[in-house]
Amino acid sequence: MKRPSTHGSAALAIIVLLVAGVARTEDLGGLRKTVQWGESSRALLAHFGVRAAVLPRPLDFGDSYTDIMLRDVTLGGVPLIAYFQMDKRTGGLRRIQFERPRHGVNPPVFRAILAALETDYGSPDLMCGIRPGPAGGYQATAERIWVRDGVVTRAVFRGTSLEAFEGCVGGDLTSGPCGLTAQLLVRVSPPGADAASCPDPRARPGGR
């Protein structure tokens, strides 16, 4: 993991705030109403206090970095971790990425998250899928995209094995307990920050 060079978070990085006791959970919708696009890491800390964790070393996400995270955000009853991705140029909140710890990723969990998103937003605007192959690191990907009021919400489910579709009905990763899974995330981007299109099947999977 590379450490971002200039983003003014050195003072935050020396302070680690662990979630105290048993943290109460917060649903994704409530969290989105709490934060504002473009606000600073300090403002996020003011919102969440000891429920947030300041990372000793920021995580690099390419165009952004994360020095603040929040555990136990729920969607469809599924606990997720929220990574607040801060713009490297401005230091303001660029997007939010919610991830499920990889040991807890499986098709039923993805279906629960999809059901919750469809309850809130209706049917997805786009449904994308990439079969495993060398260009994608032999990862199969199922992706759903919603655009509401210019805000783009992506739910991404990636499989890890050479036989990522093994046992999947019609090659659909969401159809049942099949394949080996690696990553499940929901990425929320403000207006204009996401092209809201299916990924290039020739591109390698992104993220951390």
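Predicted model: local features only at pLDDT ≥ 70, side-chain atom pairs only at ≥ 80, totals over all residues.

Biologist: Which residues are exposed on the other side of helix 3?

Modeller: Two terms come before the reply. Helices (DSSP runs of H or I, at least four residues) and strands (runs of E, at least two) are numbered from the N terminus. A residue is buried under 20% relative accessible area, exposed over 50%, and partly exposed in between, with a 1.4 Å probe and protein chains only. On that side of helix 3, Arg42 and Ala46 are exposed.

Biologist: Which residues of helix 3 are buried?

Modeller: Helix 3 spans residues 41-48, and its buried residues are Ser41, Leu44, Leu45 and Phe48. They lie on the same side of helix 3, because their arc around the axis is only 100 degrees; the arc is taken from the directions that run from the helix axis to the C-beta atoms.

Biologist: How should I read a strand, and how many residues of strand 2 are buried?

Modeller: In general, the side chains of a regular strand alternate between the two faces of the sheet. Strand 2 is mostly covered, with seven of its nine residues buried. Ala53 belongs to strand 2, and Ala53 counts as buried because its relative accessibility is 9%. The C-alpha atoms of Ala53 and Ile68 are 5.8 Å apart in space, although these residues are 15 apart in sequence.

Biologist: How many bridges join strand 2 to strand 3?

Modeller: Two strands pair if DSSP finds at least two bridges between them. Here strand 2 and strand 3 run antiparallel and are joined by five bridges. One example is Asp60, whose bridge partner in strand 3 is Tyr65. The hairpin of strand 2 and strand 3 has three residues between the strands, and within that hairpin Gly62 has a positive phi near 85 degrees.

Biologist: Let us turn to charged side chains. How many salt bridges are there?

Modeller: A salt bridge requires a side-chain nitrogen of Lys or Arg within 4 Å of a carboxyl oxygen of Asp or Glu. By this rule there are seven salt bridges. In one of them, Asp63 meets Arg94 with an N to O distance of 2.9 Å. This pair links distant parts of the chain, 31 residues apart: Asp63 is in the loop between strand 2 (52-60) and strand 3 (64-75), and Arg94 is in strand 5 (residues 93-99). Asp63 is partly exposed at 33% relative accessibility, and Arg94 is partly exposed at 26%.

Biologist: With which residue does Arg94 form a salt bridge at 2.6 Å?

Modeller: That partner is Asp87, which counts as buried because its relative accessibility is 11%. A further salt bridge joins Arg148 and Asp125, with N to O at 2.7 Å. Arg148 lies in strand 7 (residues 141-148) and Asp125 in the loop between helix 4 (107-121) and strand 6 (126-130), so to speak distant parts of the chain, 23 residues apart. Through shared partners, salt bridges join Asp63, Asp87, Arg94 and Arg95 into one network.

Biologist: Which cysteines does a disulfide join?

Modeller: In general, a disulfide is a covalent bond between the sulfur atoms of two cysteines; the cut-off is a pair of cysteine sulfur atoms within 2.5 Å. The structure holds one disulfide, and it joins Cys128 to Cys198 with S to S at 2.0 Å. Because Cys128 is in strand 6 and Cys198 in the segment after strand 9 (181-189), the pair ties together parts that are 70 residues apart in sequence. The disulfide is left-handed, because the torsion about its S-S bond is about -80 degrees. Cys128 is buried at 8% relative accessible area, whereas Cys198 is partly exposed at 35% relative accessibility.

Biologist: Finally, which residues touch the most other members of the largest nonpolar core?

Modeller: A nonpolar core is a set of buried Ala, Val, Leu, Ile, Met, Phe, Trp, Tyr and Cys residues joined through side-chain atoms within 4.5 Å. The largest has 36 residues, of which Leu31, Phe84, Phe98 and Ile113 touch the most other members. Helix 4 provides the largest share of this core, seven residues. A second, separate core has seven residues, including Ala53, Phe61, Met69 and Ile81.

Definitions and conventions: Residues numbered from 1 in each chain as written. Heavy atoms only, no water.
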